[in-house]
Amino acid sequence: MAGAADDVKLLGMWASPYVLRVRLALSIKGIRYEYAEEDLRHKSELLLRSNPVHNKVPVLIHGGKPVCESLVILQYIDEAFGGAGPALLPADPHERAVARFWAAFIEDTLVKAMNQASWSKTEGEKVEGNKQATAALRTLEGALRDVSMGKPFFGGDSAGYVDIVLGGLLAGVRAMEAMLGVKAFDPETMPLLAAWADNFGALDAVAAVMPDVGRLVELFVMMHAQIATQAATTN
């Protein structure tokens, strides 16, 4: 394992897909670190001091210097620990640009649609979110076909930057599938993404940091109940 645990610290929250991205990157690259779980209702002084703009996790602290925002952190990890484990971003400038494009698509389009589908207060908003999420996943199915060139990951033979960005959503997707009895990565309509999810989840470095799906289901059920209660009180 690369790095000293007392030199790298991650401030996070166990259920956050953004924090999971960082944990996946650190695990895949074999970097040792100290993990500090944050209570987001009572944020620590270290978190508020380290991310004074947004006051959010994840925050990676390396050598006493904080780095914020999951996509920025992933790129920082790849550059700061270039000698550790596999590279997350490809060396070719065009391939790097393509990887960043698809990561931005996941962040700006898929995540937004999934949040609307999962957490909206009205059924109409949820239905529209589901439509947008399905369309985004179909777009990613085509991207995986084109970028992977028949290999299992967006990064080719090994998981890379785009795999980690999408992989951060995987535990939450599995929890929603368990709750709703549907397949987000439908093997019939999205065979490449379905195979990708299985291959990515089977990696030892991924399995080591994935949150428990049953625990996520319990959290999501509680959150949905809170949303329903809020909706009822405002009607």
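**Helix, interface and salt bridges**

User: A135 lies in helix α5 (residues 123–148). What does A135 count as by relative accessibility?

Analyst: This is a predicted model; local features need pLDDT of at least 70, side-chain atom pairs count only at pLDDT 80 or more, and totals for chains, interfaces and linings use all residues. Residues are numbered from 1 along each chain as its sequence is written, and side-chain values use heavy atoms, with hydrogens and water left out. Helices (DSSP H or I, at least four residues) and strands (E, at least two) are DSSP runs numbered from the N terminus. Buried means under 20% relative accessible area, exposed over 50%, and partly exposed in between (1.4 Å probe, protein chains only), so A135, at 41%, counts as partly exposed.

User: What separates the C-alpha atoms of A135 and K183?

Analyst: Along the chain, A135 and K183 are 48 residues apart. Between their C-alpha atoms the separation is 14 Å.

User: How far apart do the C-alpha centres of domain 1 and domain 2 lie?

Analyst: Domain 1 covers 8–80 and domain 2 covers 93–214. These bounds come from an automatic or database domain assignment. Their C-alpha centres are separated by 21 Å.

User: How many residues does the contact take from domain 2?

Analyst: Contact means heavy atoms within 4.5 Å. Domain 1 gives 15 residues. From domain 2, the number is 22.

User: What area do domain 1 and domain 2 bury between them?

Analyst: Interface size is often given as the accessible area lost when parts come together. Here buried area is the accessible area (1.4 Å probe) that two parts lose on being put together, summed over both. Carbon and sulfur atoms carry 67% of the area between domain 1 and domain 2. The total is about 1,600 Å².

User: Which residue forms a salt bridge with E107?

Analyst: A salt bridge needs a side-chain nitrogen of Lys or Arg within 4 Å of a carboxyl oxygen of Asp or Glu. The closest N and O atoms of the E107 pair are 2.7 Å apart. The partner is R21.

User: Which element gives the largest share of the side of domain 1 that touches domain 2?

Analyst: Across this interface the rule finds five residue pairs in polar contact, both residues at pLDDT 80 or more. A polar contact is a pair of N or O atoms within 3.5 Å; within protein, one must be able to donate a hydrogen and the other to accept it, and residues adjacent in sequence count only if both atoms are side-chain atoms. On the domain 1 side, α1 (17–29) and α3 (70–80) are the elements giving two or more residues. The largest share, nine residues, comes from α1.

User: Which residue joins H62 in a polar contact between side chains?

Analyst: H62 sits in strand β3 (residues 59–62). At 17% relative accessible area, H62 is buried. Leaving aside neighbours within four places in sequence, H62 is in contact with D7, V8, Y76, A80 and F81. The side-chain polar contact spans 2.7 Å and its other end is Y76.

User: Which backbone nitrogen does the side chain of S16 reach?

Analyst: S16 lies in the loop between β1 (8–12) and α1. Its relative accessibility is 10%, so S16 counts as buried. At 3.2 Å, the side chain of S16 reaches the backbone nitrogen of Y18.

User: Which residue meets K9 in a salt bridge?

Analyst: The N to O distance in this pair is 3.6 Å. The pair links distant parts of the chain, 25 residues apart, from strand β1 to strand β2 (residues 34–37). K9 is partly exposed at 24%. The partner, partly exposed at 38%, is E34.

User: Which residue does a cis peptide bond join to V57?

Analyst: Omega of this bond is about 5 degrees.

User: What is the phi of N55?

Analyst: N55 is found in the loop between α2 and β3. N55 is partly exposed, with a relative accessible area of 24%. Although N55 is not a glycine, its phi is positive, at about 55 degrees.
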